[in-house]
Amino acid sequence: MQEIKKYVEENQQRFLDELFDLLRIPSVSADPKYKEDVVKTAEFVAEKLRSAGADNVELCETAGYPIVYGEKIIDPSKPTVLVYGHYDVQPPEPLELWETPPFEPTVRDGKIFARGACDDKGQFYMHVKAFELMQEKDMLECNIKFMIEGEEEVGSANLGIFVEKNKERLSADVVLISDTAMISLENPSLETGLRGLSYVEVEVTGPNRDLHSGVYGGAVANPATILAKMIASLHDENNHIAVPGFYDDVIELSEEERKSINKAPFDLEEYKKDLGVDDVWGEKGYTSLERTGIRPTLEVNGIWGGYIGEGAKTVLPSKANAKISMRLVPNQNSEKITQLFKKHFESIAPKNVNVKVTPHHGGEPVVTPTDSKAYQAAAKAITDAFGKAPIPTRGGGSIPIVALFEKELGIKTVLMGFGLDSDNLHSPNEKYDIANYLKGIETIPLFYKYFNELS
């Protein structure tokens, strides 16, 4: 451990400079105007893998953005770890809410502020630097394969095709991912599950054109008003999701399991203070930790319609739209939930409007075993690096490809994230603590050591 710490300390500034260079490239996969930058980012990652000592580094073309692959096979008889990450990032908007430019990494109070700092550039790049460390210090005790994609933030549409066509190439004993959070540096944790996802867009159309709200208001249905009413009806008075059949496949956890989840350190008053809210909200009968980890949700991610420019324009809009995501728990199926939502939303539309539901992407919920050799190796690594055993937690987010890896490659995943829930993922002023970044680089080599010993 001392040798690892020494290497990280001696190379700390270089590790940060390289990450900053990576963060400066605006690899927004959702916006075609960034296409060249996304490809440039893939090339950057490939070059850094080569310089770290990886073999057979390749930009694997897909129908979308390339997947960066690289490997180091030290001994076919030793266990193999497949490292997954993504180099694409969320759009930075709204730009006016950033304190500093989203693609000019800035350090404030020991934290790196930039789009992608935590999700997922800072986290996957820890693995590249940990690999470099293991190569330089002759510490690599497992075979390692890297698969870093550029479409995670838009649903990983082409990753499944790539995995299916490259099963032998990607064969491994475990997938290792750092794209999740831990409670804190003082209370390290390991996520043991992730929720699935169903993402849709809805459109409500009324008249065939925007209308003068004085001339037509009160006589013609306003799509924005109708949409608001329809969305409001999706939860009942207990904030329970009111889509028929939505909970049919949900497996209720036992009281003992629920108590275990609520043992994680959580300060409700600090939670509210950090978010700037006077009170929390959610499904009646469940704690905040349960609401964000073991219960399904339905949230509006965006809503628009009519005039939203400066000043006033008295218009009755022709259309109103919303983007809606549903987080799913084990045993729920994303396609089934999407169809249930579509059927229900169309059925509650009044006759004076037309409703269109367009499914986007989805993914399945997963639970990772805590009794596996890989999980035990990760727990031992964190215990050594942090001086404290990790707390098992359930993640509220979704990484759809975890279920894909299990289905296509037949292997489980270890979710060893070093971010924090407060890192403003997908929001303005995304950040990543320098201490977490460096601690990740220190911890990852220990995982390989223990995974080899336990295998």
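Predicted model: local features only at pLDDT ≥ 70, side-chain atom pairs only at ≥ 80, totals over all residues.
Residues are numbered from 1 along each chain as its sequence is written, and side-chain values use heavy atoms, with hydrogens and water left out.

**Exercise 1.** Find which residues of helix 11 are buried and which are exposed on the other side.

Solution. 
- Step 1. Locate the helix. Helices (H or I, at least four residues) and strands (E, at least two) are DSSP runs, numbered from the N terminus. Helix 11 covers residues 334–347 and has 14 residues; its first and last C-alpha atoms are 20 Å apart, close to the 20 Å expected at 1.5 Å a residue. The expected span is 1.5 Å times one less than the number of residues.
- Step 2. List the buried residues. Buried means under 20% relative accessible area, exposed over 50%, and partly exposed in between (1.4 Å probe, protein chains only). In helix 11, Ser334, Ile337, Thr338, Phe341, His344 and Phe345 are buried. They lie on the same side of helix 11 because they cover an arc of only 140° around the axis. The arc is that of the directions from the helix axis to the C-beta atoms.
- Step 3. Turn to the other side of helix 11, where Glu335, Lys343 and Ser347 are exposed.
- Step 4. Name the packing partners. Contact means heavy atoms within 4.5 Å. The buried residues of helix 11 pack against several elements, including helix 7 (223–232) and strand 14 (354–363).

**Exercise 2.** Describe the surroundings of alanine 42.

Solution. 
- Step 1. Check its accessibility. Alanine 42 has a relative accessible area of 0%, so it is buried. Other buried residues of helix 3 include Val38, Phe44 and Leu49.
- Step 2. List the contacts. Apart from neighbours within four places in sequence, alanine 42 touches Leu59, Pro66, Val68 and Tyr87.
- Step 3. Look at the helix around it. Among the elements that the buried residues of helix 3 pack against are helix 2 (12–23) and strand 1 (55–60). Just after helix 3, glycine 53 has a positive phi of about 115°.

**Exercise 3.** Describe how helix 1 meets helix 14.

Solution. 
- Step 1. Compare the axes. Those of helix 1 (residues 2–10) and helix 14 (residues 434–454) come within 10 Å and cross at roughly 145°. Axes are lines fitted to C-alpha atoms, for helices over the stretch in contact, and angles run from 0 to 180 degrees between N-to-C directions.
- Step 2. List the residues. From helix 1, Ile4, Lys5 and Val8 meet Leu438, Lys439, Ile441, Glu442, Pro445 and Leu446 of helix 14.

**Exercise 4.** Locate two cis peptide bonds and two residues with positive phi.

Solution. 
- Step 1. Proline 94 is in the loop between strand 3 (80–86) and strand 4 (106–108).
- Step 2. Another cis bond links aspartate 119 and aspartate 120, again with omega about 0°. Aspartate 120 is in the loop between strand 5 (111–113) and helix 4.
- Step 3. Aspartate 109 has a positive phi near 55°. Aspartate 109 sits in the loop between strand 4 and strand 5.
- Step 4. Asparagine 331 has a positive phi of about 90°. Asparagine 331 lies in the loop between strand 13 and helix 11.
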